[in-house]
Amino acid sequence: MTATRVPRRDHAVATRRSSFSAGDRVFRAVSVTAATVVLVAMAAIAVFLVIRSVPAIRQDTTNFLTTRAWLPEEARPIFGIAALLFHTVVTSALAMIIAVPVAVGVALFTTFYAPRRLSAGLGYLVDLLAAVPSVIYGLWGFFFLAPNITGLTLWLSRWLGWTGIVHYRLNNTPNNLSDLTAGVVLAIMILPIVSSITREVFRQVPRDQVEAALAIGATRWEMIRTAVLPFGRSGVVSAAILGLGRALGETLAVAIILAPAYTISVHLTEGGGITFASNIALKYSEASELGIGALLGSGLCLFAITLGVNFGAQLLIRRRKEA
Amino acid sequence: MAMSIDVSGLNAYYGKFLAVRDVSITIEPRSVTAFIGPSGCGKSTVLRSLNRMHEVIPGARVEGKVLLDGEDIYGPNIDPVNVRRTIGMVFQRPNPFPTMSIFHNVAAGLRLAGTHRKSELQDVVERSLRGANLWNEVKDRLSKPGGGLSGGQQQRLCIARAIAVQPQVLLMDEPCSALDPISTLAIEDLIDELKSTYTIVIVTHNMQQAARVSDRTAFFNIAGFGEPGELIEYDDTSTIFSRPSNKQTEEYITGRFG
Amino acid sequence: MSALPPIPAHPVTPAQPGLALPAALTGRRLPSWAPPAVTAGAVAVAGLLFAATPLQGRAGFVVVTALLSVGSQTALSFAVEGRRRAVDRMFSAFVYASFAVAAVPLVLILWYTVLRGIGAINLRFLTVSMFRVNPDNPGGGIYHAIVGTLEQAALATLMAAPIGVLAAVYLVEYGRRQPFARAVSFFVDVMTGVPSIVAGLFIYALWILTLGFQKSGFAGSLALFILMLPVVIRATEEMLKLVPAELREAAYALGVPKWRTILRVVLPTALAGIVTGITLGVARIMGETAPLLLLVGTNSRIETNPFASTDAQRLQEALPTFIYEQFRDAVGNPDTPAAQRAWGAALTLIALIMLLTGLARLIARLARVRG
């Protein structure tokens with residue numbers, strides 16, 4: 001039926017081609033421009049952070065990378081990212097250690113353990129965690145979690161204090177405005193994204209692989225170990241890295257919970273610490289011009305780190321898709 | 001080795017949908033039984049009910065009895081894991097584990113069962129690959145991934161994987177439908193050899209194949225879309241294809257529908 | 001590969017007697033009442049432990065009970081059912097436990113927010129501002145913050161939705177397999193990971209330091225736009241990919257040019273999904289605090305013009321910054337009026353976001369039924 005019509009239509013197209021292709025050219029140009037916004041924005045973030053922070057970093061009288069203090073308002077400005085980097089890494093690492101195994105467990109639960117009718121609803125429930133704004137996580141961590149985990153941290157200090165990392169030194173108030181509390185809250189915050197990506201990866205495990213494992217007499221766990229985990233390993237890793245990216249840049253929750261302290265200490269349960277993001281949130285309002293420049297410099301470092309992390313995750317995901 | 005299967009009053013559901021109604025059938029040990037019928041007639045569902053693979057689909061369930069040498073595989077205290085080890089299965093599309101080598105694919109079932117002694121695994125892998133007529137083709141590349149084989153070789157690898165755990169029964173769900181004619185012939189030859197050791201049930205939509213490989217044939221049909229599948233006729237293969245007693249069977253094998 | 005496999009000279013080897021495999025279908029299994037019984041036992045033992053030793057605390061009790069229950073079930077299963085079943089049970093316990101571990105904080109956060117916030121919320125709280133209210137005294141409301149949040153989110157959406165949808169149209173309809181499109185697609189995903197504070201700093205460096213503008217609601221919207229854009233692009237892209245190719249081909253066959261096909265056929269088909277994606281993007285940016293702190297500032301008065309920025313009297317407020325401001329005024333004391341206002345605003349914000357998320361799901365579901 002169409003076969004007889006097509007030639008006539010083709011003729012019509014031919015006579016009106018110029019106007020059609022003009023419309024197409026315009027529409028294509030507009031959509032290309034929109035797509036270019038993404039690249040321009042990413043480049044502009046890097047460019048503007050660099051040109052606005054380099055003059056300030058030049059005025060730093062110490063090494064920007066190894067100094068702990070953040071005193072850009074002094075007559076001889078002293079500021080560096082050592083403490084920021086340390087606590088950013090520590091809190092994010094804690095968050096990963098807690099969140100990733102739990103997230104994998106949740107993803108397995110919703111894909112292979114929960115009754116079918118339940119699993120969609122339960123997945124939605126965990127996704128709701130992602131909708132809670134970070135400032136509310138901060139309030140909750142400060143007012144609820146910190147006072148309520150004192151028992152745990154005292155217990156840790158008493159029985160696992162020998163490890164050093166959970167030990168309260170003398171004269172230290174266990175107020176739990178610490179790396180540990182911040183790490184736990186970050187873990188809760190990144191859990192939904194890690195578990196929802198992992199869940200999607202597990203859902204893509206080919207049905208015939210699952211059945212192949214079951215048919216040779218695998219128990220449910222053996223089926224997961226044989227068919228699901230090998231298939232999903234790189235997906236889980238990239239989900240974890242994306243979660244790490246979130247944790248590294250999280251601002252308000254950490255700014256509220258972590259009592260600011262520009263020190264480096266391995267005592268995770270003791271109060272005090274500062275991250276890239278929380279430092280910016282806490283210092284911007286009193287910052288001088290130089291101070292703003294210094295904060296932009298630390299923001300540039302944070303941008304570079306998260307960019308690297310996300311780059312890695314995306315490369316991993318893409319390689320997986322193409323494989 | 002090799003056990004008989006005695007199905008009575010089998011109903012299979014997907015959620016609320018009754019896919020197969022009231023199937024009763026007796027399958028002799030050391031024979032090849034073919035399930036034939038038009039698409040959607042429930043022959044694969046019945047097959048998957050024979051080793052409790054039907055229930056791994058969310059919402060799917062089975063009613064009725066499936067006796068394996070007199071023991072009901074749906075009875076209380078039955079471990080489906082043991083059922084599936086006793087009744088192996090080969091699927092429509094070859095599905096070797098892509099991350100495992102040829103060797104580990106065949107050894108997978110034994111390793112799960114706790115056999116880790118290298119010499120023992122090597123014995124079983126060689127015996128199973130020989131049993132699946134694949135040994136000579138792959139003996140020099142056992143450490144290569146199973147996904148690198150041709151489709152027909154992959155399917156024989158899956159058969160080797162299934163017989164490595166020494167099942168009593170081998171279920172095959174359209175094992176040749178994704179293969180070329182030459183690979184199909186290789187699998188059919190293999191089935192002929194395997195039936196001296198195992199009870200084999202094969203689902204096929206290829207009537208010539210059923211006629212070539214099977215001793216007994218069961219014909220399934222549905223009354224219409226949305227209706228449950230039923231067992232129409234079950235008899236010696238030669239009888240089914242020469243003098244079917246049911247009119248539907250006759251119409252199907254003479255190609256009037258399906 | 002040879003066409004026909006060589007047929008072995010020897011017959012298929014029968015089973016070796018040395019290789020004992022379970023012929024029995026019945027595994028020895030724990031009766032179904034065993035797990036609850038063991039758990040009950042664990043509760044009892046934990047109770048004894050907590051009564052007799054200095055152990056204390058509700059959370060500790062739950063943890064000890066869970067460990068006891070899982071440990072003894074695994075041991076029992078190992079003794080009765082063997083290693084494989086025991087391992088299976090242990091990992092099942094891990095999977096169930098991790099779901100519980102994930103669900104508990106959600107319930108706690110929502111419960112705590114509702115508990116603290118519900119008392120603060122009334123009609124007056126939602127309809128007045130903080131103008132001339134001393135932060136240390138009770139009273140005042142969040143109307144000005146709600147206005148600011150809605151306007152800033154709307155402005156960000158007005159920018160992000162068209163640009164995002166058009167960019168996705170390019171990626172799916174024009175750029176398939178082109179290197180430029182692959183680069184854009186890659187950076188869309190990388191952009192999703194830009195921390196909100198970095199987006200705030202960027203707009204600060206560009207809009208305020210370089211272009212010389214003042215803080216304003218609109219400056220905040222610009223940062224929110226940066227955060228929202230990749231979400232919209234990705235969601236739209238997924239939806240456009242779902243539009244069947246036959247639909248496009250049918251239109252082309254009728255001689256409809258590509259751009260009209262996209263506008264008249266492709267986009268309307270995917271519309272509900274796109275709207276869902278945009279709504280989820282709005283829900284995501286509505287709770288963002290960090291960029292607004294840098295770019296919008298705070299104000300106790302109602303300011304309906306998001307572009308107003310002549311002086312501090314005419315800045316906009318937003319719900320997240322309001323919450324943070326009240327938190328700082330409360331100086332760590334949960335019973336101050338400021339802390340109560342912070343919780344009231346937090347509950348309002350969560351309600352707004354969940355409303356949007358629910359709406360998005362509803363649209364998605366309706367669309368699926370129709371399609």
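Modeller: One convention first. A helix axis here is a line fitted to C-alpha atoms over the stretch in contact, and an angle between N-to-C directions can run from 0 to 180 degrees. Keep in mind that this is a predicted model.

Start with chain A. Helix α4 (residues 116–131) of chain A packs on helix α7 (residues 179–203) of chain A. The angle is about 135 degrees, and the axes are 7 Å apart. Angles over 145 degrees would count as roughly antiparallel, and 65 to 115 as roughly perpendicular. The angle of this pair therefore makes α4(A) oblique to α7(A). The handedness of the crossing is left-handed.

Which residues make that contact? From α4(A) come Gly123(A), Val126(A), Asp127(A), Leu129(A) and Ala130(A). From α7(A) come Ile188(A), Leu191(A), Pro192(A), Ile193(A), Ser195(A), Ser196(A) and Arg199(A). By class, the residues of this contact are seven nonpolar, three polar and two charged.

Helix α7(A) has another partner. Helix α3 (residues 82–113) of chain A packs against α7(A) with the axes 6 Å apart. The angle there is about 40 degrees. Roughly parallel would require an angle under 35 degrees. So α3(A) and α7(A) are oblique to each other as well. This time α3(A) passes α7(A) in a right-handed crossing. The contact of α3(A) with α7(A) involves 21 nonpolar, eight polar and three charged residues.

Now the setting within chain A. The domain assignment gives domain 1 (1–58) and domain 2 (70–322). Their C-alpha centres lie 38 Å apart. Domain 1 of chain A gives eight residues to the contact between the two, and domain 2 of chain A gives eight. On the domain 1 side, the residues divide into six nonpolar, one polar and one charged.

Helix α6 (residues 179–192) of chain C and helix α8 (residues 217–242) of chain C pack at about 130 degrees, with axes 8 Å apart. That angle makes α6(C) oblique to α8(C). The crossing of α6(C) past α8(C) is left-handed.

How does chain A meet its neighbours? Chain C puts 75 residues into its contact with chain A, and chain A puts in 71. Helix α3 (residues 83–117) of chain C supplies the largest share of the chain C side, 20 residues. That side divides into 58 nonpolar, twelve polar and five charged residues.

Chain B touches chain A too. Here 20 residues of chain B are in contact with 15 residues of chain A. Four elements of chain B each supply at least two residues to its side: α2 (80–86), β6 (87–90), α3 (102–112) and α6 (151–164). The chain B side holds eleven nonpolar, five polar and four charged residues.

Last, confidence. The model scores ipTM 0.90 and pTM 0.86. Chain A averages a pLDDT of 87, and 93% of its residues score at least 70. The pLDDT falls below 50 over residues 1–18 of chain A. Beyond near neighbours in sequence, that stretch has seven contacts in the model. Chain C has a mean pLDDT of 85, with 91% of its residues at 70 or more. Its residues 1–22 have pLDDT below 50, and this stretch has 33 contacts beyond near neighbours in sequence. Where pLDDT is low, predicted coordinates should not be read in detail.

Terms used
Residues numbered from 1 in each chain as written. Chains lettered and ligands numbered in written order. Predicted model: local features only at pLDDT ≥ 70, side-chain atom pairs only at ≥ 80, totals over all residues. Left-handed = near helix turned anticlockwise from the far one by under 90°. Nonpolar A, V, L, I, M, F, W, Y, C, P; charged D, E, K, R; others polar. pLDDT = per-residue confidence, 0-100. Domains from an automatic or database assignment.
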